[in-house]
Amino acid sequence: MHKKDFLLHQMIKQYVKCQEPIGSESLKVCLQGKISSATIRNYFKILGQEGVVVQTHISSGRVPTSLALRNYWREQLDPKTLMPHIDSASLQALCQRFGITCAIKSCAPQKLLKVQGVEVQGVRAQEVLAKEAGAQTQKDVEAQAPESTQKVLVLVFERDCVAIPFVPSMARFCQELIGVQIRDIQKIAKDVCAKSLSQALKAFDSAGKTQFFGVEFLGELLSQKPQVALDVLNGDMFNTLDYAVFFPESSEHIIIAHDALYQQEAVKMLCVGRLCQDYEGFYEALGEALGRAG
């Protein structure tokens, strides 16, 4: 790593910890005097010209810009490697300590087992699905249905079922998805613009319980980007992001999406907060809390 990039990296690391401008002398101390304060000031000047640090006052230190913070978190955070083991008490305490909002939602995998057309009348499709779970055959259901019927397409998963309006082409499409995890089907449906399937799975997934920690820190995002904050609160963001570091446009916030273990159950987790919060420290503290609990 080039010395300039190294100093920027170290400056941001210190800034998110203390939330104060970083001067050349304080950074020199952090680096145990390995780089002189004069050299640091020279590189600070170059970094300022590049638009990644600013000096808030002539006598103060430097702070990283939003651009620098976004680049830093892209490099430092890999959602695919994040799998914290969490519990309610530790997560709530750490959200308060670091000023971060977290949301967790159950994501137990389910495969699509079968797809079939069912004619229904006077009952909701989900009630028919309950009969299906009781091993009643499609012929049995059809035999009981009145003459005026409506056909629906039933997707039976390992633990749950959903129904959508029957369309022959959609029935063929869904048949090809047998054996695929519901989470992957959601992505496929969205990618191919299968609207009825996508909406049904979205509503089905949104029914899962979502728990929030440190929700009071969501206020600034709610005022800046209300739709983004609402997507977090109503659970839509879980369907939008998958192993991602996301920066809402025109805001000073970050959303990190990854897996976690909550009370030994696999869950999806969102961490939401300002760019300047210490996410490295947050995840390290989560690991330390697990070690103490063990």
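The legends below describe close-up views of a predicted model. Local features need pLDDT of at least 70 and side-chain atom pairs count only at pLDDT 80 or more, while totals for chains, interfaces and linings use all residues. Residues are numbered from 1 along each chain as its sequence is written, and side-chain values use heavy atoms, with hydrogens and water left out.

**View 1. The largest nonpolar core.** A nonpolar core is a set of buried Ala, Val, Leu, Ile, Met, Phe, Trp, Tyr and Cys residues joined through side-chain atoms within 4.5 Å. Buried means under 20% relative accessible area, exposed over 50%, and partly exposed in between (1.4 Å probe, protein chains only). The largest core has 47 residues, of which W73, L91, C102, M269, F282 and Y283 touch the most other members. Elements giving two or more residues to this core include helices α1 (3–18) and α14 (279–293) and strand β4 (101–106); helices (H or I, at least four residues) and strands (E, at least two) are DSSP runs, numbered from the N terminus. The most comes from α1, with 6 residues. A second, separate core of 18 residues includes L155, L177, I182 and L201.

**View 2. Aromatic pairs around F282.** Rings of Phe, Tyr and Trp (its six-membered ring) pair if their centres lie within 6.5 Å; planes under 30 degrees apart count as stacked, over 60 as edge-to-face and the rest as tilted. The structure holds 4 aromatic pairs. F98 and F282 make an edge-to-face pair, 5.9 Å centre to centre with 80° between the planes. Because F98 lies in helix α5 and F282 in helix α14, this pair ties together parts that are 184 residues apart in sequence. F282 also pairs edge-to-face with Y283, at 5.3 Å centre to centre and 70° between the planes. F98 counts as buried at 10% relative accessibility, F282 at 0% and Y283 at 12%.

**View 3. An aromatic cluster.** Y72, W73 and Y279 form one aromatic cluster. W73 is also one of the core residues named in View 1.

**View 4. The buried face of helix α9.** Helix α9 covers residues 182–191, and its buried residues are I182, I185, Q186 and A189. Seen down the helix axis, these residues fall within an arc of 105°, so they line one face of α9. The arc is that of the directions from the helix axis to the C-beta atoms. Just after α9, C193 takes a positive phi of about 60°.

**View 5. Residue L230.** L230 lies in helix α12 (residues 226–233). With a relative accessible area of 40%, L230 is partly exposed.
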